[in-house]
Amino acid sequence: MPMQAREIEDLLRASFPDAAITVEGNDGVHMAAMVIDESFRGKNRVQQQRAVYAALKGKMDGSNGELHALALTTKAPE
């Protein structure tokens, strides 16, 4: 079953409660998210994105993943 933007945002918000989070997309399969959080300061992009994928709790894993593609932007606040 495809994931809706609100469900993705809720999962991200649980791990990044103070972040600025934007989730876009309308097909529930190919989505885009931006996560701006202080916890990303000093981390490289790979570390930041791994933290986001961990927050999604396996929703992108394997052939049964509910979320097929997520265009992801991560950064620390300016």
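Strand E2 (residues 30-36) runs parallel to strand E3 (residues 69-75) and is joined to that strand by seven bridges, where strands are DSSP runs of E with at least two residues, helices are runs of H or I with at least four, both are numbered from the N terminus, and two strands pair if DSSP finds at least two bridges between them. Within this pairing, the bridge partner of valine 35 in E3 is threonine 74. The model is predicted, so local features need pLDDT of at least 70 and side-chain atom pairs count only at pLDDT 80 or more, whereas totals for chains, interfaces and linings use all residues. Residues are numbered from 1 along each chain as its sequence is written, and side-chain values use heavy atoms, with hydrogens and water left out.

Strand E2 also pairs with strand E1 (residues 20-24), in the antiparallel sense and over five bridges, with alanine 20 opposite isoleucine 36. In the hairpin of E1 and E2, five residues lie between the strands, and glycine 25 takes a positive phi near 135°.

In a regular strand the side chains alternate between the two faces of the sheet. The covered face of E2 carries Met31, Ala33 and Val35, and the uncovered face His30, Ala32, Met34 and Ile36.

Methods: Buried < 20%, exposed > 50% of the residue type's maximum accessible area, 1.4 Å probe, protein only.
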